[in-house]
Amino acid sequence: MGKLNSLQNFLQHFDTGAFLMAVFSAAAALFCLTVHELSHGAAAYALGDPTAKEEGRLTLNPIKHIDPLGLILMITAHVGWAKPVPVDMRYFKHPKRDMALTALAGPASNFILAWVFLLLCNLLGHLFPEASLNSWVFALFLFLVNAAVLSIGLGVFNLFPIPPLDGAKILFAFLPDKLYYTILKYERYIMFLMLALVWLGVLNKPLSFLIVYVLRGLCAVSGMDFESVLFLFDII
């Protein structure tokens, strides 16, 4: 009887809306992270490195790419990471340049993905202008907005020039070879500094500024109303 009462009490206080928003955030984060890593692997493969393909990372299966901590931060802080795709620079004809292009592929895919999500939002708005707040259309709209902002956040975060983020690999391609390979050698240790910056909130203000800046630009080229997107993301 006690278990039944506990179940009834749980159901009475269960917030369906909050649960759905959590599901939306998790699904959007999984998809954005997966596309990000798949793009790295595809770029490396196109440039001559088969490592990601041989290890089964050229896939949209999120289980192959997910890092639990990175996913949690993606959902809660709107920035995060996945399990890095393995890249062997020895296969590249121009190692530094090709590594930079491989690194750039991840954030670029996120910005393109966010633009597509916003285009779909704009299309939904035109097709169903009178959709109610309880309709599947509005639920899909919220998912797309959430996915767009998360994708932008992932792209922006990874462009910070802090190893082992993609921005560092792009920027460091312009460094002398000796310094470049020295930094790569110690990037796993520098990663702890990056994690500390995330946990302490040091990157919050610059990240928020850049995310809003990129979101405004993508709204402009997709036809979406920027203020409406911000309002809907606040709901989520």
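The crossing of helices H6 and H10 is right-handed; by convention, a crossing is left-handed if the near helix is turned anticlockwise from the far one by less than a right angle, and right-handed if clockwise. The structure is a predicted model, in which local features need pLDDT of at least 70 and side-chain atom pairs count only at pLDDT 80 or more, while totals for chains, interfaces and linings use all residues. Residues are numbered from 1 along each chain as its sequence is written, and side-chain values use heavy atoms, with hydrogens and water left out.

### Overall content

The secondary structure of the protein comes to eleven helices and zero strands, where helices (H or I, at least four residues) and strands (E, at least two) are DSSP runs numbered from the N terminus. Read from the N terminus on, the order of the elements is α-α-α-α-α-α-α-α-α-α-α. Of the 236 residues, 44% count as buried, a class that means under 20% relative accessible area, with exposed over 50% and partly exposed in between (1.4 Å probe, protein chains only). The accessible surface comes to about 13,100 Å², of which 69% belongs to carbon and sulfur atoms; such areas come from the Shrake-Rupley method with a 1.4 Å probe, and for residues only the protein chains shown count as cover. Among contacts between residues at least 6 apart in sequence, 73% join residues at least 24 apart, contact meaning heavy atoms within 4.5 Å.

Two packed helices are described by the angle between their axes and the distance between the axes. Here the axes are lines fitted to C-alpha atoms, for helices over the stretch in contact, and angles run from 0 to 180 degrees between N-to-C directions.

H6 (residues 136-158) and H10 (residues 204-222) pack at an angle of about 125 degrees, with their axes 9 Å apart. That angle makes H6 oblique to H10, since angles under 35 degrees count as roughly parallel, over 145 as roughly antiparallel, 65 to 115 as roughly perpendicular and the rest as oblique. On the H6 side the contact is made by Val149, Ile152, Gly153, Val156 and Phe157, and on the H10 side by Leu207, Leu210, Ile211, Val214, Leu215 and Leu218. By class these residues divide into ten nonpolar, one polar and no charged, where Ala, Val, Leu, Ile, Met, Phe, Trp, Tyr, Cys and Pro count as nonpolar, Asp, Glu, Lys and Arg as charged, and the others, Gly among them, as polar.

H5 (residues 95-127) also packs with H10, at an angle of about 50 degrees and with the axes 9 Å apart. H5 is therefore oblique to H10, and passes H10 in a right-handed crossing. Phe111, Ala114, Trp115, Leu118, Leu119 and Asn122 of H5 meet Val214, Leu215, Leu218, Cys219, Val221 and Ser222 of H10, a contact of ten nonpolar, two polar and no charged residues.

The axes of H5 and H8 (residues 177-185) come within 12 Å and cross at roughly 45 degrees. This makes H5 oblique to H8, and the crossing is left-handed. Pro95, Lys96 and Met99 of H5 make the contact with Asp177, Tyr180 and Tyr181 of H8, which divide into four nonpolar, no polar and two charged.

| Helix pair | Angle | Axis distance |
|---|---|---|
| H6 and H10 | about 125 degrees | 9 Å |
| H5 and H10 | about 50 degrees | 9 Å |
| H5 and H8 | roughly 45 degrees | within 12 Å |

### Local sites

Ala52 is placed in helix H3 (residues 51-54) and is buried, with a relative accessible area of 1%. Not counting residues up to four places away in sequence, Ala52 touches Gly41, Arg57, Leu58, Val85 and Pro86; the C-alpha atoms of Ala52 and Pro86, 34 residues apart along the chain, are separated by 5.7 Å.

Gly56 lies in the loop between H3 and helix H4 (68-77) and, at 27% relative accessibility, counts as partly exposed. Gly56 and Val85 are 29 residues apart in sequence, and 9.8 Å apart in space from C-alpha to C-alpha.

The peptide bond from Pro163 to Pro164 is cis, with omega near 5 degrees, and Pro164 lies in the loop between H6 and helix H7 (166-171).
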